[in-house]
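The sequence and the structure come first.

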Amino acid sequence: MLPTGPAALRLARLLALLLPAALLGGAYLSQYGFGLYPCEMCWWQRYPHFAAIVLAGVGFAVPSARWPVGLAALAIAVSGLIGGYHAGVEYHWWEGITHCTSTAAPGGDALQSILEAPLVRCDQAQWTLLGISLAGFNFLFSTGGAIALAALLARSART
């Protein structure tokens with residue numbers, strides 16, 4: 001059973017902070033720990049999570065305010081929707097952007113660095129689990145988390 005009143009708001013603040021932090025942590029772990037370089041749409045999914053963490057921090061700084069948590073939930077939902085779009089591009093349900101990205105190391109010979117950098121296509125999943133790509137998991141976790149945050153915020157208005 002979900003809490004109501006101030007307890008629901010406290011739980012919502014915590015979820016608004018921990019969910020994007022965990023998803024970003026997983027993204028950076030997959031990038032630096034397992035060599036799964038992000039494509040352009042992968043980066044698009046990260047930006048709203050950064051915003052959500054800042055907004056959740058504002059929610060902790062102003063504990064009686066519900067609006068920072070609501071905006072964090074919106075940012076998390078935006079990341080999830082971008083992830084859903086990206087997953088659709090990976091599964092070839094629709095066409096995505098036409099350019100790809102590459103990660104070039106700074107310093108040294110710039111041309112050689114660009115030529116040796118991995119080319120990452122937005123329409124090919126680098127990793128899947130049970131047929132779900134990382135973008136698909138971001139869609140599931142982010143949209144589910146945004147819905148949970150909306151429910152907690154609605155319950156926090158009850159006393």
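Confidence in the protein is lowest in strand S1 (residues 101–102), with a mean of 49, and highest in H3, with a mean of 94. These values are pLDDT, the predictor's confidence in each residue, on a scale from 0 to 100. Over the protein the mean pLDDT is 85, and 86% of the residues reach 70 or more. The model is predicted: local features need pLDDT of at least 70 and side-chain atom pairs count only at pLDDT 80 or more, while totals for chains, interfaces and linings use all residues. Residues are numbered from 1 along each chain as its sequence is written, and side-chain values use heavy atoms, with hydrogens and water left out.

**Overall layout**

The protein has 5 helices and 4 strands, in the order α-α-α-β-α-β-β-β-α along the sequence. Helices (H or I, at least four residues) and strands (E, at least two) are DSSP runs, numbered from the N terminus. Of the 159 residues, 39% are buried. Buried means under 20% relative accessible area, exposed means over 50%, and partly exposed lies in between (1.4 Å probe, protein chains only). Among contacts between residues at least 6 apart in sequence, 74% join residues at least 24 apart; a contact means heavy atoms within 4.5 Å.

**Helix pairs**

Two packed helices are described by the angle between their axes and the distance between the axes. Here the axes are lines fitted to C-alpha atoms, for helices over the stretch in contact, and angles run from 0 to 180 degrees between N-to-C directions.

| Helix pair | Axis distance | Axis angle |
|---|---|---|
| H1 and H2 | within 8 Å | roughly 145 degrees |
| H2 and H3 | 8 Å | about 170 degrees |
| H3 and H5 | within 7 Å | roughly 155 degrees |

H2 packs against H3 at about 170 degrees, which makes the two helices roughly antiparallel. On this scale, angles under 35 degrees count as roughly parallel, over 145 as roughly antiparallel, 65 to 115 as roughly perpendicular and the rest as oblique. The contact of H2 with H3 holds 18 nonpolar, 6 polar and no charged residues. For these classes, Ala, Val, Leu, Ile, Met, Phe, Trp, Tyr, Cys and Pro count as nonpolar, Asp, Glu, Lys and Arg as charged, and the others, Gly among them, as polar.

H3 (residues 67–90) and H5 (residues 134–156) cross at roughly 155 degrees and are therefore also described as roughly antiparallel. H3 passes H5 in a left-handed crossing. A crossing is left-handed if the near helix is turned anticlockwise from the far one by less than a right angle, and right-handed if clockwise. The contact of H3 with H5 divides into 11 nonpolar, 10 polar and 1 charged residues.

H1 passes H2 in a left-handed crossing. On the H1 side the contact includes Pro20, Leu23, Leu24 and Gln31, and on the H2 side it includes Trp43, Arg46 and His49. By class, the contact of H1 with H2 has 15 nonpolar, 3 polar and 2 charged residues.

**Individual residues**

Gln31 lies in H1 (residues 6–33) and is buried, at 7% relative accessibility. Beyond its neighbours within four places in sequence, Gln31 is in contact with Leu36, Pro38, Trp43 and Arg46.

His49 belongs to H2 (residues 40–61). With 3% relative accessibility, His49 counts as buried. Setting aside neighbours within four places in sequence, His49 is in contact with Pro20, Leu23, Leu24, Ile76, Ser79, Asn138 and Ser142. The C-alpha atoms of His49 and Gly80 are 9.5 Å apart, and the two residues are separated by 31 residues along the chain.

Arg155 is in H5 and is buried, with a relative accessible area of 16%. Which residue lies 152 residues from Arg155 in sequence and 7.2 Å away in space, C-alpha to C-alpha? That residue is Pro3.

His92 sits in the loop between H3 and S1. His92 is exposed, with a relative accessible area of 57%. Although His92 is not a glycine, its phi is positive, at about 60 degrees.
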